[in-house]
Amino acid sequence: MRNALLAEYRKVVSTRLWWILLGALAAYLAFVGGVLAFSIVFAPDDQALPVSGEQAAAGVYGLINAIGYVFPLVIGSLLVTAEFRYQTITESLLVEPRRGVLLGGKLLVAVPLGLLYGVVGMVALVGTTAPLLAWRGEGAYLTDPDVLVVISLGVLVTALWAVIGVAFGAVVPNQVAAIVVLLAFTQFVEPIARLALGAFELTSSVARFLPGAAADGLIGVSLIGEMGGGSGDLLPRWAALLVLVAYAVALAAVGRATTLRRDIG
Amino acid sequence: MDAPVLAVEDLGKSFGAVRAVDGLSFSVRPGAVTGFLGPNGAGKTTTLRMLLGLTRPTQGRALIAGRPYGEHPVPARLVGAALEASGFHPGRTGLAHLEVYAAQAGVDRARCRELIEMVGLGGAATRRVGGYSMGMRQRLGLATALLTDPPAIVLDEPTNGLDPEGIRWMRWLMRTFAAEGRTVLVSSHLLSEVQHTVDDVVIIARGRLVAASSLADLSAQTVPLTYVEAPDRPAFDRLCADRGWAGRPDGGGVLLEGVAAADVGAAAYRSGVELHQLVSRGGDLEDLFLRMTGEQR
C-alpha cells in the first residue's frame, strides 16, 4: 500500500491540474467570501441580513463547504477519470493488478490532498473575510472556540469531499460525464432539492441526509438555513460524519464492483 | 536468468456473440524471441490482455510461470509489458511517467533516469509527453516495460511509429534480451516485420491458432516459386500440362507455383524445350503467412 500511495502522490503532483484547481478554489472563496462579508458589514440597518456576530463569522467561514465543495469533489474524481481518459489505467493495472489496492491508494491519497485544499481554501477565505468582519462588523471571532471548531471541521470536510470525489469517479469513470454530473448536482440539483424537501414538514428531515446538507451538519453551520431560505435543520455532527463516510464507502464499493471489475481495454 | 514460460491453455474470450479468442493454446519459451502474429483483429491484443490480467478469459487460462498474472505477489517484477493501447498523461513529462510506475513497482528514481537515457529519450526526459512523437511514445512505453529489469518481456507492435534506425535498434534489443535468457513475446500483424528477429512463431487468425512452431519449420512449409522464360511457349505449356504444373503469366514469362527450379530445368532438358530464364523465387514466408491467415493479397 505504501508503494500505491507514493505512485498516486506522484500521479497528482506530476500534472498541473491540482494546483490550478487549488488556485481557483482559493480565488473563488476569497471573492465570494469577500462579497458576502462585505454585504454583511455594509448592509443598511433596515436591510440587514438575518445573521450577526458569531453566527455571521461561522457562516462566512463555512462557505468553504457551502460553495467550495465542488473543487475537492472534482479533483478527487479526476484521480480516477484521468486514468480512463488517457488510458493510463492499463499501465497502472499492469504494475498493480490488485484493483482494490489501486482504488485504495487513490482514496487514501485524497485525504492529504483534500486537507491541503481545505487549509489553502480556509486561509484564502479567512484571509479576506476576517479583516472585513473585524473592521466594520461585529468581529472575526477567530479566537472563539466554536468558530475555531467550524474552521477545523471546514478543513476536514474538504478532505472528505475529495475522498467522496475519488469514489464517485470510480462509479462514473468517463471524465466529461463525471464533471458534468458533479457540477449539475452540486450547483443545481442539490440546492434545489434541499429547498424543495425542506419546504415540507414531511420531507424536511430527509433533506438533512443529502451530501451537502450532511456536510453542513458536520461543520455545524448552514448558510442556506441561516438565510431562512430552507431547512436550517441539520444532523448532529457525529451523524453527519457517518452519513458522509457512508457516501464515500457506498460509492467506492459500487465503483469497485462495476468500473474496476470490468475488462480493461 | 530464471525466466518464466508464458502459456495459454484453451484460452477463449467472447464479447457477446463474438468469439474474439477461441480455444487458443500455445507456450512461449525463455531464451528466444517469439513472434505473435496475425492480421489486425485476429485477437492478438485480447490474448495479451488476458495474459496480463487486464481482461478476464471466458474460457481456459493464461499463465505466467504456471500461475495467472494477478496471482503473483509482484507480477511487474516478472513480466514487463508495453501494450499498444496503453496511454500516457499528456501533461506528465516522460521522466515523471516512469517515476509514477517506478513507485508502484518499488523501483528507485536512478533506474528511471538510466532507462530514459537507454531508450534514447534523455534529451526529452523533462518534456511533456503531449509533445512526443509516436516513436518517442513507443520508446517511453518500452522504458516503462523495462522498469523492473523483468525476465519476461511482452511487446505489442513495438516497431509502430519507429524510424528505420529505431526499428533496427528495437530488433537488436529483442535479440539481446533473448540472448540474456529472457522470455520475449512480440506481436505484429506483419511477419516480414519480425521475420529476421524471431526464433519461434505463433500465428493466429480469427481467434484461433493457425501455427505454432519455430521459424525454420515454418519456412520449410513455404511453397517454392519458379520463374521461367521460354521462347517456344506452346512447347513449354505442353510440358507443364504433361507434368500437371499450374503456371500463371508473369511479365514476359511464366510463374510456376509449388515447383522447384531444379525440377523445371530437368524436365525441360529431357523434353528438349529451350529455356532463357530459370529463376528460383524461393518460398515467400509472407505469402505463406497470408495464406494461413486467410488474407487475400
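The model is predicted: local features need pLDDT of at least 70, side-chain atom pairs count only at pLDDT 80 or more, and totals for chains, interfaces and linings use all residues. Residues are numbered from 1 along each chain as its sequence is written, while chains are lettered from A and ligands numbered from 1 in the order in which they are written.

Chain B contains 10 helices and 13 strands. Helices (H or I, at least four residues) and strands (E, at least two) are DSSP runs, numbered from the N terminus. Along the principal axes, the C-alpha atoms of chain B fill a box of roughly 75 × 45 × 35 Å. Of the 297 residues in chain B, 44% are buried. A residue is buried if 20 or more other C-beta atoms lie within 10 Å of its own, exposed if 12 or fewer, and partly exposed in between, with C-beta atoms placed from the backbone. Among contacts in chain B with a separation of 6 or more, 71% join residues 24 or more positions apart. Two residues are in contact if their C-beta atoms, placed from the backbone, lie within 7 Å.

An open sheet of 3 strands in chain B has the order E2-E1-E4 and antiparallel pairing. Strands E2 (18-28) and E4 (59-64) of chain B stand at the edges, each with a single partner strand, so one side of each has no neighbour in the sheet. From one strand to the next, the twist averages 20°. Axes are lines fitted to C-alpha atoms, for helices over the stretch in contact, and angles run from 0 to 180 degrees between N-to-C directions. Strand E1 (residues 6-15) of chain B pairs with E2(B) in the antiparallel sense over 7 bridges. Two strands pair if DSSP finds at least two bridges between them. One bridge joins B:Ala7 to B:Ser27 in E2(B). Helix H1 (residues 44-51) of chain B packs on this sheet and touches E1, E2 and E4 of chain B. The direction of H1(B) makes about 115° with that of E1(B).

H1(B) is itself largely enclosed by the rest of the structure, because 8 of its 8 residues are buried. Among them are B:Lys44, B:Arg49 and B:Met50. B:Gly53 follows H1(B) and has a positive phi, near 75°.

Strand E3 (residues 32-37) of chain B has 6 of its 6 residues buried, so the strand is largely enclosed by the rest of the structure. B:Ala32, B:Thr34 and B:Phe36 point one way from E3(B). B:Val33, B:Gly35 and B:Leu37 point the other way. E3(B) pairs in the parallel sense with strand E7 (residues 183-188) of chain B, over 6 bridges. In E7(B), B:Thr183 is the bridge partner of B:Ala32. E3(B) also pairs in the parallel sense with strand E8 (residues 200-205) of chain B, over 4 bridges. Here B:Leu37 stands opposite B:Ile203 in E8(B).

B:Phe36 lies in strand E3 of chain B. This residue is buried, with 29 other C-beta atoms within 10 Å. Leaving aside neighbours within four places in sequence, B:Phe36 is in contact with B:Lys44, B:Leu185, B:Val186, B:Ser187 and B:Val202. The C-alpha atoms of B:Phe36 and B:Ala212 are separated by 9.2 Å, though the two residues are 176 residues apart along the chain.

In chain A, helix H7 (residues 99-135) and helix H8 (residues 145-171) pack at an angle of about 140°, with their axes 7 Å apart. That angle makes H7(A) oblique to H8(A). Angles under 35 degrees count as roughly parallel, over 145 as roughly antiparallel, 65 to 115 as roughly perpendicular and the rest as oblique. The crossing of H7(A) and H8(A) is right-handed. A crossing is left-handed if the near helix is turned anticlockwise from the far one by less than a right angle, and right-handed if clockwise. The contact of H7(A) with H8(A) has 21 nonpolar, 6 polar and 1 charged residues. Ala, Val, Leu, Ile, Met, Phe, Trp, Tyr, Cys and Pro count as nonpolar, Asp, Glu, Lys and Arg as charged, and the others, Gly among them, as polar.

Helix H5 (residues 70-85) and helix H9 (residues 175-198) of chain A cross at roughly 165°, and their axes come within 9 Å. H5(A) is thus roughly antiparallel to H9(A).

Between the chains, 23 residues of chain A are in contact with 29 residues of chain B. Helix H1 (2-13) and helix H6 (88-95) of chain A are the elements that give two or more residues to the side of chain A that touches chain B. That side has 10 nonpolar, 7 polar and 6 charged residues.
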